[in-house]
Amino acid sequence: MADLHIDNVSMRFDLPGGGSVQALKNINLDIKSGQLLSVLGPSGCGKTTLLNIVAGFLAQTEGDIRLDGDAISGPGPERGMVFQQGALFEWMSVRKNVSFGPDMKGVPKAESAPEVDRLLELVGLQEFKDKAVYELSGGMQQRVALARCLANDPDVILMDEPLGALDALTREKMQSLVLDLWKETGKTIILITHSVEEALLLGERLLVMAPRPGRVHKEYYLPFAELGVGADLREVKKHPDYNSKREEILSMIWEMEEEIMGRTEEES
Amino acid sequence: MNDSNVFADLADETLNIFLSIGSILPYLVGFIAIIVASQTIWHRVRNSVDAGDSFNSLKTVTFGDESTVVSNKSASVLSVLLIFVLWGAFTGSQLLPSFLHVPGPFMGSGQFTYTADNGAGQVDTASVDVIVHAAGEKADKPKVEAGDGFAANDAIVIQVYRSKLLLWDKNDDQKRKTGASIVKVDGQSISKDNAVDVGFARVALTDKGTLNIVPHKGVQMESIYLPSPEKVWKSLVTISKDGYQNVTLGEHLGFSLWRVVMGFLIGALVGIPLGYAMGLSNWFRGWFDPVVEFMRPVPPLALIPLVIIWAGIGEEGKVVLLFLAALWIMAIAARSGVSGVRITKIHAAYSLGASKTQILRHVIIPNSLPEIFTGARVAMGVCWGTVVAAELVAAEKGIGKMIVAASKFQNTEIVIMGIILIGVIGFAIDVGIRLLEKYLVPWKGKG
């Protein structure tokens, strides 16, 4: 079981030129095992900071984060991460990239091979396993990143705009893949995104964050992720609630963006 | 000397340089004209053979489109060919048909006449037979009849590119001592300020009244300044067979290469870990930054005198010098290789459960290899240049030593052969490292 418990977490750091930034303020979140949470917000709302704190790359200045009761104090294999791009190891083949986690743990090749093959099959890259990763397209590279993360069998998967650098068509295919993997593996997933549509489609639960200081603005529980599993996502988008939710969240974010613009204009 | 003198001197030198540039400008313009003309001809010829339908030839915008500019192989071949043709033309090379040669020095026999005045108004004319022979050959002075009058006919033998004084009165009845002097050469009046061209030579009157005969030198280069290509090739053949000054060519080259490889390897062995330490630790970076940043701009050549004082002219000194030349370059390459690793890769590796050692071994080191190879190419190039310079200063063996020794004996063909070898080997080293790089770090530039 993998319940993530975020208790009153704040993040404040000093700027080199003096002054300080309140990147996060009093974040409280309980993420149940197997939940698919998408996090949305204008730039500067601290969503990536929050993800980095959960991953263990940053330490919060206040508050407490626990995974199954254990405090998080650094990166660890139970929290896998999928980045936007450029996190694959070009000097390794597709297969070696995927088996990186087990290899580092010292799992013998013979033992890890069947699982690696299964995952490559799952993301549809079986025939590319001996290719160099730089020979693959952007979408295929993100499939490798997903498989690599899954090969390590983490409790929580953290995704930092994993589909942000892909073209629209590839992106849609990858969204389906993420949903299928979520259903198949039952992993807890936290997904950061810039795209409202993606947050709606992939978020069983959706957080909208607001900037200055970074905080949770609004929270939704949505049916679309469940509907989208194994289905055509364009059909899901025809759902009567989908458009209204999309408009609601879009205008919410627009308002925040305008507020930021106004404030920076006043400041300057 | 004070400052204003320095400025005046430098102003003079600057003027001289610009005057020199001005004097070669016509040749430069001519050379560019050849390039452009050959391009036009090449296009004509190619279009008449095959218009070609490559994708680039279908682009209408080519000027400014970088992708359409590729090195034209025909131009490269022509360029190298032209260098050899010019080389051959100006050295009278046997490899070229003689109509391509530029006018050479006068050789063979010629004749002119001089008219002497005995100081009392009497004049008499005598002839001078001139024989110009090639260097290394001997020519006998031809016997000539004395002829009539007080001025007797003369003969003189001159080696090509030299000149000679003619003591014309030695066999004459009227001597310079008694007031005889030359008033005309080939019927044209001659004086100390006014030399006469007799067709194959320039004849001038010296202060002492003798004749200075300077046969025309033409515009070919004397072998001592620029030997012909075949002479250079011959020197390569003989020296690789018999060696130069009891040292074979292989030994000269072997010593130079051995020094470069040793210096570079030790430099890399120390420099790469140093660069890693600087890329991974604040303390090490702070500690070595002043040293590296100071030593980097010091040209290795400037260290030669100090290295000779410290280590003498033996092998240690040279290896130390090349070690220092390679060290900073490799350290900086390794440092930027480490700093260049994307933080997402490191984060990903940590999230996958890798330890610090594993991250160093599986992420940081492979990620830095492309930078290290780039550094190795630069370092090997610098080392190769430095070893030649160090050998020019002091060495017993080595390709640089060979050319400096040859220059002292004016064996220009060996000097040129050495320079060509140095260039070819430097190029081969670079190509070799590039091939190795392609094989060992195929992911370079693809991250």
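How are helix 5 of chain A and helix 6 of chain A oriented to each other? In this predicted model, the axes of helix 5 (residues 138-151) of chain A and helix 6 (residues 168-185) of chain A come within 10 Å and cross at roughly 15°. Angles under 35 degrees count as roughly parallel, and helix 5 of chain A and helix 6 of chain A are therefore roughly parallel to each other. Their crossing is right-handed.

On the side of helix 5 of chain A, the contact is made by G138(A), G139(A), Q142(A), L146(A) and L150(A), which meet T170(A), K173(A), M174(A), L181(A) and T185(A) in helix 6 of chain A. By class, the residues of this contact are four nonpolar, five polar and one charged.

In chain B, strand 1 pairs with two other strands, as the table shows.

| Strand 1 of chain B with | Sense | Bridges | A facing pair |
|---|---|---|---|
| Strand 2 (residues 123-133) of chain B | antiparallel | ten | G110(B) and V130(B) |

Strand 1 of chain B and strand 2 of chain B form a hairpin, with five residues between them. In the turn, G119(B) has a positive phi of about 95°.

The two chains also touch. Chain A brings 20 residues to the contact and chain B brings 17 residues. On the chain B side, helix 9 (343-351) and helix 10 (356-393) each supply at least two residues. Helix 9 of chain B gives the most to that side, with six residues. The side of chain B that touches chain A has eight nonpolar, six polar and three charged residues.

Terms used
Residues are numbered from 1 along each chain as its sequence is written. Chains are lettered from A and ligands numbered from 1 in the order in which they are written. This is a predicted model: local features need pLDDT of at least 70, side-chain atom pairs count only at pLDDT 80 or more; totals for chains, interfaces and linings use all residues. Two residues are in contact if their C-beta atoms, placed from the backbone, lie within 7 Å. Helices (H or I, at least four residues) and strands (E, at least two) are DSSP runs, numbered from the N terminus. Ala, Val, Leu, Ile, Met, Phe, Trp, Tyr, Cys and Pro count as nonpolar, Asp, Glu, Lys and Arg as charged, and the others, Gly among them, as polar. Two strands pair if DSSP finds at least two bridges between them. Axes are lines fitted to C-alpha atoms, for helices over the stretch in contact, and angles run from 0 to 180 degrees between N-to-C directions. Angles under 35 degrees count as roughly parallel, over 145 as roughly antiparallel, 65 to 115 as roughly perpendicular and the rest as oblique. A crossing is left-handed if the near helix is turned anticlockwise from the far one by less than a right angle, and right-handed if clockwise.
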